[in-house]
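I'll jot down what I look up as I go.

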Amino acid sequence: MKSVAVIGASLAGARAAQELRAQGFDGRVVLVGEEPHRPYDRPPLSKAFLAGTAERESLDLLDEEDAASLELRLGTRAERLDPAAGRVVLSDGELAVDGVVIATGGRARTLPAAAGVAGVHVLRTLEDSVALREELVPGARAVIVGAGFVGAEVASTARALGLDVTVLEALETPLARVLGPELARACSGLHARHGTTLRCGAVVETLLTAGDGPRRRVTGVRLAGGERLPADVVVVGIGMVPATGWLAGSGLELGNGVHTCGGLVTSRPNIVAVGDVAAYAHAETGARHRHEHWTNAVEQAPVAVANLLAGKVVRPYVPSGYVWSDQYSGTLQLAGHPEPGDEVVFVEGSAGDDAFVATYRRAGATVGVFALNRAKQFTRLRRQALRRPASVA
Ligand SMILES: Cc1cc2nc3c(=O)[nH]c(=O)nc-3n(C[C@H](O)[C@H](O)[C@H](O)COP(=O)(O)OP(=O)(O)OC[C@H]3O[C@@H](n4cnc5c(N)ncnc54)[C@H](O)[C@@H]3O)c2cc1C
């Protein structure tokens with residue numbers, strides 16, 4: 001293999017490009033990114049960067065040495081992939097390459113009624129964060145649609161900036177699918193304790209607006225059932241859609257992401273997928289998973305690159321399941337793979353406390369560790385209880 005195109009210049013793409021060099025690949029590496037920026041980190045976009053306490057430069061994922069070892073094609077969109085010809089059609093030309101890393105992540109999902117309405121925001125990109133920050137003024141009324149990790153983080157940042165914040169969640173308990181009902185309830189209690197109103201089972205029917213044309217601006221939301229909630233700013237945090245449109249007609253298997261085997265390799269041995277866009281079949285169970293977490297992208301890059309360079313699967317992907325989220329004055333940390341029905345055992349503190357540690361137990365074994373504001377204990381328990389197979393770095 002003499003040349004590799006990495007499509008998508010964000011966390012997964014940057015890590016894959018670095019890994020190619022780290023694993024000894026000395027051929028051509030072209031990193032193609034639709035955004036005009038060098039790869040930057042997204043987690044601060046809902047936290048310190050949104051709050052105005054982190055500088056733009058602190059988000060950079062590549063240093064000068066990294067950048068010098070790559071061909072960066074920024075502000076360039078991959079339009080099409082022709083695997084048989086080894087060709088990637090770009091918005092400004094074409095690339096002929098031997099290998100491809102697909103790292104195109106996803107785009108923020110939004111509400112159909114949001115198009116062209118000022119004051120309604122999603123949060124995925126640097127520009128989104130900058131635009132939202134301008135509207136987070138003390139005393140303003142913010143309605144956040146969706147109480148997932150990003151919605152909860154925006155709510156906590158907005159509260160800290162002095163806004164009056166309401167979070168709307170369609171489910172009865174936010175994050176219950178990730179954390180299980182007991183710990184999800186414990187986390188959603190953080191909102192009320194910090195002065196945010198959390199409304200569960202609240203389905204947004206439409207946005208309320210005033211003005212016409214370019215002056216049309218949000219004034220609130222109407223819930224199913226007719227209730228109207230006034231708002232000066234609305235943030236839609238209802239997840240993302242994997243960016244696979246450019247792969248239509250490529251022959252690759254697509255679904256909710258790019259389908260790969262348990263080694264992150266597509267149906268073509270010279271094309272792998274990493275990060276939020278990769279929908280892999282678990283090496284042991286065969287079940288298909290796609291994760292939208294920082295650590296997942298970082299852990300997948302070395303595995304996908306090793307398998308790409310080997311031309312076959314030499315390493316399976318075994319996720320650690322590590323996720324963190326900063327909300328209000330606390331940090332939530334989860335590792336492992338909790339499932340519905342797991343028993344939650346508190347190791348320190350209890351659900352109503354501002355700091356606690358708990359484990360998830362199944363058939364006598366610890367399958368997950370969760371902590372709120374207990375980083376050291378979390379790390380120790382995670383190391384002791386969730387030993388990872390030797391095949392994964
Ligand atoms: C606001 C926010 C806060 C977050 N906070 C946390 C957190 O606290 N903890 C945590 O674990 N995770 C967090 N995450 C999730 C984490 O940031 C993502 O999992 C990570 O960014 C995934 O990286 P990725 O490279 O796979 O995808 P992305 O970051 O989505 O990057 C994909 C890149 O590909 C580009 N692209 C798409 N299509 C094309 C194309 N056709 N041609 C060229 N380029 C293309 C996109 O423009 C983008 O730059 C957060 C995410 C957001 C948005």
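I started with a bridge: Val145 has Val236 of β16 as its partner. Helices (H or I, at least four residues) and strands (E, at least two) are DSSP runs here, numbered from the N terminus.

Before going on, I noted that this is a predicted model, where local features need pLDDT of at least 70, side-chain atom pairs count only at pLDDT 80 or more, and totals for chains, interfaces and linings use all residues. Residues are numbered from 1 along each chain as its sequence is written.

**Around β10**

I looked up the pairing of β10 with β16 (residues 233–236) and found 4 bridges in the parallel sense; two strands pair if DSSP finds at least two bridges between them. β10 (residues 141–145) also runs parallel to β11 (residues 164–169), joined by 5 bridges, and Val143 has Thr166 of β11 as its bridge partner. To get from β10 to β11 the chain goes through helix α5 (residues 149–160) in a right-handed β-α-β crossover (with the strands pointing away from the viewer, the path from the first strand over the helix to the second runs clockwise).

**The open sheet**

Next I traced an open sheet of 5 strands, paired parallel in the order β3-β2-β1-β7-β20. β3 (71–74) and β20 (271–273) are its edge strands, each pairing on one side only. Inside that order, β1 (residues 3–7) and β2 (residues 28–33) share 5 bridges, and Val6 is partnered with Leu31 of β2.

**Helix α9**

Which residues of α9 (residues 375–385) are buried? I found Phe378, Leu381 and Arg382. They sit on the same side of α9 because they cover an arc of only 100 degrees around the axis (the arc is that of the directions from the helix axis to the C-beta atoms). A reminder to myself: an α-helix has 3.6 residues a turn, so residues three or four places apart point the same way. On the face turned away from the buried side I found Lys376, Arg383 and Gln384, which are exposed. Covering the buried residues are, among others, β24 (330–336), β25 (343–348), β26 (356–362) and β27 (365–372), going by contact (C-beta atoms, placed from the backbone, within 7 Å).

Terms used: Buried ≥ 20, exposed ≤ 12 C-beta atoms within 10 Å, placed from the backbone. Contact = placed C-beta atoms within 7 Å.
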